[in-house]
Amino acid sequence: MNFDALRPLLDDICARMAAMPDRGTVASYIPELACIDPARFAMSICLPDGRQISVGDAKVEFSIQSVSKVFTLAIALGRYGDQFWSRVGREPSTHVFNSVQELEAREGIPPNPFVNSGAIATTDSLLVGATPKETLAEIVRFMRQAASDDAIFIDPQVAASEKETGDRNWALAYFLRSCGNLRHDCALTLGTYFHHCALAMTCEQLARAGRFLAGIHPDGNLIAPGHIRSINALMMTCGHYNGSGEFAYRVGVPAKSGVGGGILAVLPNRASIAVWSPGLDRYGNSLLGTQALEILSQDLGLSMFSITPGIGPSRI
């Protein structure tokens with residue numbers, strides 16, 4: 001990826017996003033997110049040689065929300081390995097991200113770690129042998145190491161706002177517990193879950209945090225390469241809820257979205273990309289963030305489903 005060519009391309013994308021009349025709808029069901037300016041936009045890219053290029057509001061903090069599920073999954077896989085999958089599936093969801101119906105149909109086994117029920121079960125697994133405070137401290141430490149930045153924190157106001165309005169998540173937690181798939185008190189697990197979803201980061205920090213998933217982190221592999229492969233596969237198939245197929249079609253790279261408007265995208269061995277635009281589409285994914293990544297992917301030929309003209313079939 002040519003660094004010199006990226007600057008004018010990202011500047012052009014930023015200008016095009018600023019002119020978009022339809023910016024999506026912010027996540028109004030979480031009061032602290034409802035007041036975010038939908039005009040905000042940022043994009044940041046980290047490259048293997050350590051260089052980073054950013055445009056827009058890349059130094060403005062926002063709530064990463066469900067993007068945090070990538071990092072809690074990384075910790076859980078590092079701790080439990082493949083045993084973790086006895087509690088959570090690896091299949092795309094067919095319902096909305098907070099569906100009780102889908103969880104009931106699967107008899108208490110969430111379809112994947114990125115829907116809310118799966119992330120709640122993942123959080124519950126991290127609480128084994130630890131208090132919520134200790135678990136959150138572990139998550140924050142991991143995020144800071146991933147981003148090479150100690151200035152990452154949890155926004156307590158966003159966490160409190162989620163707790164007050166998270167009735168569907170409470171329902172999911174109690175259903176998980178009724179099926180024997182929640183080991184701790186619902187209040188303990190959900191309190192921890194709400195707080196790690198309330199991590200506040202800038203677009204630049206988020207792009208740096210994704211470097212270990214691209215295999216370009218300066219500290220090397222933060223978790224086993226096999227677990228990185230698993231996370232990237234799930235980001236591709238499940239990272240945008242029931243809009244994951246559409247995202248794969250349009251962008252074609254592993255990515256995870258959050259209702260705060262952030263998207264973390266990974267190009268293995270090539271780049272870690274973060275984009276932020278608060279307005280969401282009907283699936284709960286960033287509307288302009290997706291459009292920006294689609295333009296970037298098409299212009300640079302980033303989709304993993306693309307073929308390169310002139311390269312013949314493999315002999316393997």
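**Helix packing and sheets in a predicted model**

Helix 5 (residues 116-126) packs against helix 9 (residues 186-197) at an angle of about 110°, and their axes lie 9 Å apart. The crossing in which helix 5 passes helix 9 is right-handed. On the helix 5 side, the meeting residues are N116, A119, I120, T123 and D124, and their counterparts in helix 9 are T189, L190, T192, Y193 and H196. By class, this contact of helix 5 with helix 9 comprises four nonpolar residues, five polar residues and one charged residue.

Helix 5 also meets helix 8 (residues 167-178): the two axes come within 10 Å and cross at roughly 60°. Helix 5 and helix 8 are therefore oblique to each other. Helix 5 passes helix 8, too, in a right-handed crossing. Helix 5 contributes N116, S117, I120 and A121 to this contact, while helix 8 contributes N169, L172, A173 and L176. The residues of the contact of helix 5 with helix 8 are five nonpolar and three polar, with no charged residues. N116 and I120 take part in the contact with helix 9 and also in the contact with helix 8.

The strands can be followed next. Strands of a sheet pair through backbone hydrogen bonds, in either a parallel or an antiparallel sense.

At one end of the strand order, strand 1 (residues 42-46) and strand 2 (residues 52-56) run antiparallel and are joined by five bridges. Within this pairing, S44 has S54 in strand 2 as its bridge partner. The two strands form a hairpin with five residues between them, and G50 in the turn has a positive phi of about 95°. At the other end, strand 6 and strand 7 (residues 262-267) also run antiparallel, joined by three bridges. Here A255 has A265 in strand 7 as its bridge partner.

Strand 4 and strand 5 (residues 199-201) pair in the antiparallel sense over two bridges. F153 stands opposite A200 in strand 5.

Aromatic side chains provide the last part of the picture. A pair of aromatic rings is described by the distance of the centres and the angle of the planes. A search of the whole structure finds seven aromatic pairs. One of them is the edge-to-face pair of F142 and F212, with 5.5 Å from centre to centre and 90° between the planes. This pair links distant parts of the chain, since F142 lies in helix 6 (residues 132-147) and F212 in helix 11 (residues 211-214), 70 residues apart.

Key. Residues numbered from 1 in each chain as written. Predicted model: local features only at pLDDT ≥ 70, side-chain atom pairs only at ≥ 80, totals over all residues. Heavy atoms only, no water. Axes fitted to C-alpha atoms, helices over the stretch in contact; angles between N-to-C directions. Helix = DSSP H or I, 4+ residues; strand = E, 2+ residues; numbered from the N terminus. Left-handed = near helix turned anticlockwise from the far one by under 90°. Contact = heavy atoms within 4.5 Å. Nonpolar A, V, L, I, M, F, W, Y, C, P; charged D, E, K, R; others polar. Pairing = 2+ DSSP bridges. Phe/Tyr/Trp six-rings, centres within 6.5 Å; stacked < 30°, edge-to-face > 60°. Parallel < 35°, antiparallel > 145°, perpendicular 65-115°, else oblique.
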